[in-house]
Structures are given as C-alpha cells and as structure tokens.
Amino acid sequence: MNGFVSRGFTRRRRAPEEVADRLPPGQYLESGWPVLTAGPTPDVPTDEWSFRIDGMVGQPKEWRWDEFHQLPFETITKDIHCVTKWSKLDATFGGVSIDVLLDQVEPLDAYAMFYSYGGYTTNLPIEEISDGKAWVVTEYDGEPLSREHGGPARMLVPHLYFWKSAKWVHGMTVMDHDEPGFWEVNGYNNHGDPWKEERYWGD
Amino acid sequence: MESPLPPVEQRAPGRWQIGTVSKIKVETPRVKSFRIELPMWMPHLPGQHYDVRLTDPDGYHAERSYSIASSPLDEGGVELTIDKLEDGEVSPYFHDVVVEGDRVEVRGPFTSYFVWRGEKPVLLVGGGSGVVPLMCMLRHRRRTMPDLPMRLIYSVRHAGDVIYEEEMGDETLLTFTREPPEGWSGHTGHIDAELIFEAGIEDGIAFVCGSNGFVESGSQLLMDAGFDPQQIRTERFGPTGTG
C-alpha cells in the first residue's frame, strides 16, 4: 500500500455483502461469462476428440469421447477468476476429476504441460491439479460446453486464474521439470494464484 | 520474417507507479485519449497494455486493462484511449472526473502475444474501440517503417464513432455498419470477404481486435481468405471486458 487515493473516485460496484469475501483483490463480479481466447476458435468434433496423458508416466493413455464418458462424472460448482479482472461465482460444470485419470497412468514426475487443439499450452505442477483441484469438463450448467468456452472439453482448475484452465484441451505431458506455457511465456505469471494477485511476471 | 523490434525484455515490467495526465483528447462522444507521463517509463511493444488502478479513501481498488495507443517512440509516457462504458467503474471515472494534471496509478507494459514486432505484411482488423492497439501499430509503422505493407480495416457503427479520424490515411479501409456520414461513398455494412480481398494483404500476419463476435467472424473471414490460423492474433473485449 502506498497510500495513494484517486482524486474524486467513488466506488460504483459493490458486491453483495455475503459474497464480498469470495472476490480476490482487484476482481469484480461478473454475471455473464466473457470470452477470451488467443487466436481463432478451434472446431473439434466429439468423434475426433481425445484426451491423452503422456510423457513421464508408467503407462501413457488416451481416452476417446465415449471412453471418457464411461469414467466417474461429477458436478462441480466453483468460483472462477479471470486475470482480466472478472470473477464469476458458483459456476457449475460437469466432468471428470484429473485424479481419476492420473490413477490410470501412474505419473512419475512433478510437472505437467497441458496442450490444446489449436496449439495453446499451459503449465501446472502435478500437486496443483491433484487431490480434487482439477477436472476435465465437458458440461456447463448441465449443457454441453459451448465451443467458444472451450467445448467439447476444457480444463477446470478453479483455484488459479482461468488461463490455467485450458480450453479445447487435448492432453497433458508429465515432465521432470517446469516449463512456461503460452501465456506464461507471454507475460502472465507462472503460478497465477488470484488471492495473491499473481497476474504478471514478477507479481 | 524479419524482426526489427527487440523482443520483450525477459524481466518483469510494471511496478505500480503514479503517472500524471498531461493531455486529454476527445476522440468521439464516448471515447477519450489520455496522455499519461510516467516516472518509470519503459518502451512498450505495439499492442501491449497497461493496468490502471483506482483507489477510494477506504482503500477499495478497481482495476482494468487498457491498450496503449501511442508509439513507443513517444518516450516518457503512454496514451491510453478509453471507451466509456456506462455501467463500468473505471472508464466513467476517466471520462467524468479526470482532468489534465490529475495523478493516476498505473503499471505496465504487459503481455507479448498481441504485439507487432515488425513482421510483414500486416493486416489490422478493428471493430469500434478495438482499433486502439492497432493504431499503436499503425502509428509506430508510420514513424519507423513507412514503406512496410500494413493495412487497416476498421469497422464502426455510426458516422460519429470514428476514433483517430484525422489520422486515417490511404492504408485504411473504413466501413460503417449502421449509419455512414452524409454523402459517404465508401464501404458500408459488416466486414466481408470482399473487403478483406480489397486490403490486398496475403501471406502475412493479422491482428484482429474488437468484441467477441467481431473477432470470431473476422478471424473466420481471414482463415477463409487463406491466412494461417497461427498468424491470426486476436484480442477480444468481453461484454464487460474492459469496463
């Protein structure tokens, strides 16, 4: 805090009292769901979609759409926070926990790079996506996830800024070292904890 | 492709700093440009943005990101062009409260995806206030590489909505989607394949900036025209994305 006050600024948005403590610093409440994508929106038919786990694992594995839907499916309601300053509360997704998928491949190392149709990547340590912290989701509000929001399948890693929740997700590579993904190379923070306001490099 | 501009420095830019508004220009009834002098200025790449933070006496903060409109050759500060969103929290403050001489808290420049590093040829496609980061590219090209092939396709709704109107030159193809100026003989309606063709940029890099719907249809048209999806960089303003 440097004590600076913006001359004549009065607050115009006020989050309801009961949810105010769910908004991380610098975030505002958004009821819609803005779209933010680097590049054109990929079009991935479900019969061509798959999710793979490869790299440093005991047994690489790939699930096609119908195989993926045989896995235990959960409804997940979480608050999500975008680095462009909006937050959305109680967003409801349907999908499969990464724990279920990791159980089937035996990860041997501590880091992961998620990769998407269209070329997007984002990095996450395994400990940030295990024990109920991350899902591959295919539904939003009980409906198939729309293409603009990452359908047919995207990641959901709600405790980090939402660029970590890769849209059009195609798989993850387990690695023995950390490596920055797309936005992490291009100026956004390597970790991205909204509660610590880790938006950019050096935050 | 050649790259006459340096890559973004691999060090963290952007500590919060208090800048001083030295000039305010009214661009349209709902758009103003603010020149902000900075004590810790560093050169930006065309397309980068700054974050602005407003603080009330109780310590409440509101933050938003705004694209830089000025060339990095205008040293010592940046020009941010701000579209007033009536239900916003930061843009109405800039429009209704800020006067020349006021101090504002900012940090930047940030991110290095939607940036132009001198690649060519370049097609810029902007809708409404999506033209702001593209104008930074255009201004910088005029001052550094005036012969580099760069064209701007700029779509606005009404006659009075053209930001930087006096700076639109031969490289710009302007279209009005709702109400053109009286006597307008140029393009009207949404950007289409014909307009992209008329721009005459092939095998190049494209920057598309505007609302989500604008960017979605614009990038589709570019792909149809043969642009490599990897060479189409986009920046989308959500429904309240830049409020």
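Two residues are in contact if their C-beta atoms, placed from the backbone, lie within 7 Å. Keep that rule in mind for the whole tour.

This is a predicted model: local features need pLDDT of at least 70, side-chain atom pairs count only at pLDDT 80 or more, and totals for chains, interfaces and linings use all residues. Residues are numbered from 1 along each chain as its sequence is written, while chains are lettered from A and ligands numbered from 1 in the order in which they are written.

**Stop 1: where the chains meet**

Show chains A and B together. Here 33 residues of chain A are in contact with 38 residues of chain B. Colour the chain A side by class: 14 residues are nonpolar, 13 polar and six charged. In this scheme Ala, Val, Leu, Ile, Met, Phe, Trp, Tyr, Cys and Pro count as nonpolar, Asp, Glu, Lys and Arg as charged, and the others, Gly among them, as polar.

**Stop 2: chain A**

Look for three helices and eleven strands. Both are DSSP runs numbered from the N terminus: helices are H or I with at least four residues, strands are E with at least two. From the N terminus on, the order is β-β-β-α-β-β-α-β-β-β-β-β-β-α.

A compact globule of 203 residues would have a radius of gyration near 17 Å, and chain A agrees with its 18 Å. That radius is taken over C-alpha atoms, and the globule rule is 2.2 Å times the number of residues to the power 0.38.

How much of chain A is buried? Of its 203 residues, 40% count as buried. A residue is buried if 20 or more other C-beta atoms lie within 10 Å of its own, exposed if 12 or fewer, and partly exposed in between, with C-beta atoms placed from the backbone.

**Stop 3**

Most residues other than glycine have a negative phi, and most peptide bonds are trans. Now pick out two exceptions.

Go to Pro152(A), in the loop between β9 (143-144) and β10 (154-156) of chain A. A cis peptide bond joins Gly151(A) to Pro152(A), with omega about 15 degrees.

Next, select Glu106(A), in the loop between α2 (98-103) and β6 (111-116) of chain A. Glu106(A) is not a glycine, yet its phi is positive, about 55 degrees. With 13 C-beta neighbours inside 10 Å, Glu106(A) counts as partly exposed.

**Stop 4: chain B and its domains**

Switch to chain B. It has four helices and twelve strands. Its radius of gyration is 18 Å, close to the 18 Å that the globule rule gives for 243 residues, so chain B is as compact as a globular protein of that length. Of those 243 residues, 48% count as buried.

Colour domain 1 (17-110) and domain 2 (122-237) of chain B separately. These bounds come from an automatic or database domain assignment. Taken over C-alpha atoms, the domain centres are 24 Å apart. How many residues of domain 1 of chain B are in contact with domain 2 of chain B? The count is 15 residues of domain 1 with 15 residues of domain 2. On the domain 1 side, β1 (17-28) and β5 (77-83) of chain B are the elements that give two or more residues.

**Stop 5: the nonpolar core**

A nonpolar core is a set of buried Ala, Val, Leu, Ile, Met, Phe, Trp, Tyr and Cys residues joined through C-beta atoms within 7 Å. The largest one has 104 residues; those with the most contacts inside it include Val136(A), Leu80(B) and Phe207(B). Helix α2 (residues 131-144) of chain B gives the most, with seven residues.

Zoom in on Val136(A). Leaving aside neighbours within four places in sequence, its contacts include Phe51(A), Ile98(A) and Met155(A).

**Stop 6: helix α4 of chain B**

Select residues 212-224 of chain B. At 1.5 Å a residue, the 13 residues of this helix should span 18 Å, and its end C-alpha atoms agree, being 18 Å apart. The expected span is 1.5 Å times one less than the number of residues. Its buried residues include Phe214(B), Val215(B) and Leu222(B). The buried residues of α4(B) pack against β7 (122-127), α3 (193-199), β11 (205-211) and β12 (232-237) of chain B.

**Last stop: Asp203(B)**

Find Asp203(B) in the loop between α3 and β11 of chain B. Although not a glycine, Asp203(B) has a positive phi of about 55 degrees. Asp203(B) is exposed, with 10 other C-beta atoms within 10 Å.
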